[in-house]
Amino acid sequence: MKRPGKIAKLLIKTFFKKPITGNYPADGSGMPEGFRGKLKFNPSACIGCKMCMRDCPSGAIEIRKTGEKQFEAEVNLARCIYCGQCVDSCLKKALEITADFELAKLDPAQLKVILNAANKEQPKA
Amino acid sequence: MHKYGDVIVPIGPQHPALKEPESFLITLRGEKITASSVRLGYNHRGIEKACEERTYTQGVYLIERVCGICSHSHSTAFVQAVEEIAGVEIPARAKYIRTLIAELERIHSHLLWLGVAGHEIGFDTLLMYTWRDREVVMDLLAKLTGNRVNYGINTIGGVRRDVSVKQKEEVLKAIDTLEKQTKYYIDLATKETTLLKRLQGVGVLSHEDAISLGAVGPTGRASGIARDTRKDDPYAAYGELDFKVISVDNCDVYGRTLVRLGELIESFSLVRQVIAKIPDGPITVRVPRKIPAGEVLSRYEAPRGEDVHYVRSNGTEKPDRVKVRAPTLANVQSVSKMLEDRYLADMPIVIAAIDPCFSCTDRLIALRDTQTKKSNTVIWETIRLKGIEWYKQQGVDFTALNKKLSKKLHL
Ligand code: SF4
Ligand code: SF4
């Protein structure tokens, strides 16, 4: 039957249900496994071939030599588009992508992070 | 000329219908629109040119960002072209995965549209419910690809992520939920008089006009043009799947709604077929970094209509030319026709009914001095300073606020 207000039944039904929207961030609703977020770097596996730099579409990653067979990766979190191409391009599996997506900072300088040998992050000085 | 004369009203460029900049010049006689013209060019991003500066691999990610809704459409059209030039055949499994993501994208895009259409006619309840259900498919896409919007599933020579058995089950479960909801919306659309009265006979585009103006996708199919690239020129796995091309003869916004709802049901069936038929095997083949010289025109049926990409290579790592024809560019011409002799109040829904994507459509505009005929390039900073100056003249001064803000941001 054609009539107005056909959706009213659904409205009344959902009125007594819990809201569908989550209470982010309190309820910890994160992203699913395999989500492309912040990069992780394993310096002991890196051989400094710079394939990741070559394929990065946004020029967000830089691999630098810090010593004999020692490398650090500088990632600009503001430039990175979280595509994960660098992970695909790295033949040594030195890069990994994590589901960490809460990366906003008030200070733009803190968006440049160095993933270094001790695997400790430091914002760029 | 009417007794009181015609009034020309500029609408836009600040999102007149959807949240994108475009400008319409509407000639009004009373409440009726007598003529209209569309002006694009407020959101040009120079993506085609930028592609020439990047390698093919980098280009995939850039092309994906042509559109925030049909991101998979654009990247598939692009990689298909590159693969054809390189002369590689991708594995069957990769083709099926591309088809799976393509159909999930169509589901999310059509549900999004239904909500937007509800919003434009003041039926926000519909917007809330369709967008609630759309989350089901968005979550699914995030699980399968690693992102909600820019899936990044395509790479030259195949796809980047495989679909596991568990994921297949999740897909089927989500599709069941979505199908149930879509059936409810179909019931609603055919019986709820609020929708019928507001959509029937609005934004009429006759079959002849649709052909002569080159309408594509649901806009064309609602005017009886039974064309679908998936059927006419099968790509990915569409040649091996069974589906109907939905077309109706309503020629109005209601018809466009019916086509999209019908396509949703077809998409659910396509997803089920893909899950059932997906062959085992590798998901990528190796493609050399240097693509041999050649040119290819690639077609793809995006949710909004046929998407065309042209790629020309010159034997290096970077393309020589990339050209994108987004579906909105083909449909935007028909908007003026649909608005003719209609009421001003119908304008938002008529524009929204083609499901426009203006930033995907924007191409280069050149500003020319009418006297000297010389073109003039203005840099962003000049426009910004001009804006500040203009506001100052109006008595609004943001300098103090700006200082405060930059202090807060440590700029
Ligand atoms: S591609 Fe891998 S091994 Fe090569 S420089 Fe980058 S992180 Fe290191
Ligand atoms: S994730 Fe993408 S954008 Fe970010 S550093 Fe890696 S290749 Fe570059």
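How many salt bridges does the rule find across the interface of chain B and chain A? The answer is in point 2.

1. Basis of the note. This is a predicted model, in which local features need pLDDT of at least 70 and side-chain atom pairs count only at pLDDT 80 or more, while totals for chains, interfaces and linings use all residues. Residues are numbered from 1 along each chain as its sequence is written, chains are lettered from A and ligands numbered from 1 in the order in which they are written, and side-chain values use heavy atoms, with hydrogens and water left out.

2. The interface. Chain B brings 35 residues to the contact and chain A 30 residues (contact means heavy atoms within 4.5 Å). About 2800 Å² is buried between the two chains, with carbon and sulfur atoms giving 52% of that area; buried area is the accessible area (1.4 Å probe) that two parts lose on being put together, summed over both. The rule finds four salt bridges across this interface, a salt bridge being a side-chain nitrogen of Lys or Arg within 4 Å of a carboxyl oxygen of Asp or Glu. A:Lys6 and B:Asp187 form a salt bridge, with their closest N and O atoms 3.1 Å apart.

3. Salt bridges overall. Over all chains the structure holds 39 salt bridges. In one of them, B:Glu103 pairs with B:Arg230, and the closest N and O atoms are 3.2 Å apart. B:Glu103 is in helix H4 (residues 92-120) of chain B and B:Arg230 in helix H10 (residues 229-232) of chain B, so the pair ties together parts that are 127 residues apart in sequence. Helices (H or I, at least four residues) and strands (E, at least two) are DSSP runs, numbered from the N terminus.

4. The ligands. Residues around ligand 1 include A:Cys46, A:Cys49, A:Cys52 and A:Cys90 (near means that a heavy atom of the residue lies within 4 Å). The shell around ligand 1 has ten nonpolar, one polar and one charged residues. Ala, Val, Leu, Ile, Met, Phe, Trp, Tyr, Cys and Pro count as nonpolar, Asp, Glu, Lys and Arg as charged, and the others, Gly among them, as polar. Around ligand 2 there are 13 residues, of which A:Cys56, A:Cys80, A:Cys83, A:Gly84 and A:Cys86 come nearest. The shell around ligand 2 has ten nonpolar, three polar and no charged residues.

5. Backbone points to check. Most residues other than glycine have a negative phi, and most peptide bonds are trans. A cis peptide bond, with omega about 0°, joins A:Tyr24 and A:Pro25. A:Pro25 lies in the loop between helix H1 (8-15) and strand E1 (39-41) of chain A. A:Lys69, not a glycine, has a positive phi of about 55°, and its place is in the loop between strand E2 (61-67) and strand E3 (70-76) of chain A.
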